[in-house]
Amino acid sequence: MGGGRDALRVFLCLLGLAAVILINGQFPGPNINSTTNNNIVVNVFNNLDEPFLLTWNGIQQRKNSWMDGMPGTNCPIPPGKNFTYHFQVKDQIGSFFYFPSMGMHRAAGAFGGLRVNSRLLIPVPFADPADDYTMLIGDWYAKSHKALAAILDAGHGIGNPAGVLINGRTGKDASGRDDAPLFTMEAGKTYRYRICNVGMKVSLNFRTQNHRMKLVEMDGSHTVQNDYESLDVHVGQCLSVLVTANQDPKDYYMVASTRFTKYMRTATGVIGYAGSSVPPSPELPAAPVGWAWSLNQWRSFRWNLTASAARPNPQGSYHYSDINITRTIKLASSVFKYDSINDEPPAASAPITATTSVLNATYRTYMEIILENPERSIQCYHLDGYSFFPVGMGHGKWTPENRKTCNLLDAVSRHTIQVYPRSWSAIMLTFDNAGMWSLRSEMWERHYLGQQLYISVTSSERSLRDEYNMPDNTLCCGDVADLPKPPSYV
């Protein structure tokens with residue numbers, strides 16, 4: 001699919017024991033291929049028996065939260081109806097994906113890759129690869145999305161996933177034989193692999209048998225090009241690596257396996273050298289152990305400050321440490337307070353009030369957000385509408401003293417960040433994109449149960465310079481179904 005007008009038709013079918021949501025008859029859905037500043041028009045036909053929405057993970061929707069596709073920002077597409085998304089991949093490059101945001105639909109598929117290529121006039125900090133492959137990895141549950149929702153509604157957890165998939169496959173057939181190669185490489189050539197964790201719950205480690213990977217891009221930012229034997233990819237994150245076919249001409253395994261879990265789930269995929277009939281070695285490369293290893297790997301990631309790329313300002317500023325912090329917000333993952341959000345989380349014994357969670361952010365202010373995770377499992381957070389600078393991570397609770405350990409030079413600008421067990425992560429960003437934006441847990445079980453909030457960013461100018469008018473085709477529902485649309489900006 002290109003950067004023009006396309007149609008996506010949403011269907012439900014049975015795959016194994018679970019109901020799977022197909023996009024245009026495909027699982028995963030078709031790749032959307034675009035170039036910086038393209039206008040993308042996607043007409044989504046909902047052939048399910050329940051409301052449906054797609055969101056575009058990592059696409060900033062500059063001035064255009066009307067097309068973000070999150071419930072709370074947009075009304076869902078009713079069964080048997082269609083809705084046309086019209087948005088621009090403005091000032092962005094890199095690897096992203098789309099997925100369904102209603103209920104537990106994410107557990108049933110309906111996701112696909114979305115890439116934004118650099119314009120021809122913008123130099124890329126590596127030679128053109130021989131080919132460009134998308135790999136969607138993620139955990140998978142054998143139960144249907146409706147069954148998982150019913151389990152959560154009854155007050156129980158969804159438990160452990162049944163397995164891991166690479167592009168919709170475990171890598172083995174029913175008899176245990178390898179699937180046909182997912183990709184083919186010619187000896188001596190270099191290939192780009194875009195790897196996204198589209199799963200529900202589990203961080204994954206990705207590695208390729210006998211081949212090192214050169215990291216070149218992460219969540220839409222070019223990185224310093226270090227080589228890795230394996231890479232942790234947390235839920236909601238994407239990265240790009242270059243792999244050179246410099247080994248003996250035979251088949252090799254790609255491996256995605258669970259991290260930070262007592263159980264082990266693994267998926268494999270075969271990459272074959274052109275003309276090879278030699279199967280891969282049965283000995284899979286070993287996975288790393290422990291979250292300290294993962295934290296140290298994160299510390300090795302650096303933004304490539306010499307690379308040209310599309311980037312909005314001031315989010316794309318090389319000098320983000322020179323911007324004065326106007327507000328610090330601390331969010332603790334074990335606190336659920338459905339009320340107006342304070343800058344500090346309340347005490348654990350504070351009463352819970354059910355209401356809409358909206359945090360107001362003053363337009364163009366520079367904020368520091370501290371994400372604390374007092375639990376024994378890892379967390380991942382995503383912010384729609386923005387990229388941010390993940391400047392620091394550490395064990396225990398955050399204090400202002402921790403700012404001394406932060407990377408204030410070349411943190412990789414990205415949209416999703418992990419928070420390790422009983423640890424904190426600090427992010428910084430300028431709220432310069434007017435609209436209503438979701439800040440949420442990417443662990444979809446937690447998201448379904450309410451671990452999310454919305455950030456309202458409004459410009460006092462009421463100008464098209466800062467935000468687009470509400471589109472004529474906007475779906476209205478609930479309390480606003482019969483209300484007049486807001487007046488147009490001037």
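View 1. Cys238 is buried, with a relative accessible area of 1%, where buried means under 20% relative accessible area, exposed over 50%, and partly exposed in between, for a 1.4 Å probe and protein chains only. This is a predicted model, in which local features need pLDDT of at least 70 and side-chain atom pairs count only at pLDDT 80 or more, whereas totals for chains, interfaces and linings use all residues. Residues are numbered from 1 along each chain as its sequence is written, and side-chain values use heavy atoms, with hydrogens and water left out. Cys238 is joined to Cys196 by a disulfide with an S to S distance of 2.1 Å, a disulfide being a pair of cysteine sulfur atoms within 2.5 Å. The torsion about the S-S bond of Cys196 and Cys238 is about 115°, so this disulfide is right-handed. The pair links distant parts of the chain, 42 residues apart, with Cys196 in strand 12 (residues 190–197) and Cys238 in strand 18 (residues 238–244); strands (E, at least two residues) and helices (H or I, at least four) are DSSP runs, numbered from the N terminus. Cys196 is also buried, at 2% relative accessibility.

**View 2. The disulfide of Cys75 and Cys477.** A search of the whole structure finds two disulfides, and the one shown here joins Cys75 to Cys477 with an S to S distance of 2.1 Å. The link of Cys75 and Cys477 is left-handed, with -90° about the S-S bond. The two cysteines lie 402 residues apart in distant parts of the chain, Cys75 in the loop between strand 5 (54–57) and strand 6 (82–88), and Cys477 in the segment after strand 29 (452–458). Cys75 is buried, with a relative accessible area of 14%, whereas Cys477 is partly exposed at 33%. When the bonded cysteines of the chain are numbered in sequence order, the pairing reads 1-4, 2-3.

**View 3. Cys380 and Cys476.** The closest cysteine sulfur to that of Cys380 belongs to Cys238 and is 12 Å away, too far for a bond. Cys380 counts as buried, at 0% relative accessibility. Cys476 is likewise in no disulfide, and the nearest cysteine sulfur, that of Cys75, is 6.0 Å away. Cys476 is partly exposed, with a relative accessible area of 32%.

**View 4. The surroundings of Ser221.** Ser221 lies in strand 15 (residues 221–222) and is buried, with a relative accessible area of 6%. A polar atom of the Ser221 side chain lies 2.6 Å from the backbone oxygen of Ser413. Not counting residues up to four places away in sequence, Ser221 touches Ile93, Val216, Trp303, Val412 and Ser413, contact meaning heavy atoms within 4.5 Å.

**View 5. The two faces of strand 6.** In a regular strand the side chains alternate between the two faces of the sheet. Strand 6 runs antiparallel to strand 4 (residues 39–46), to which seven bridges join it, and two strands pair if DSSP finds at least two bridges between them. Val41 stands opposite His86 of strand 6.

Conventions
A polar contact is a pair of N or O atoms within 3.5 Å; within protein, one must be able to donate a hydrogen and the other to accept it, and residues adjacent in sequence count only if both atoms are side-chain atoms.
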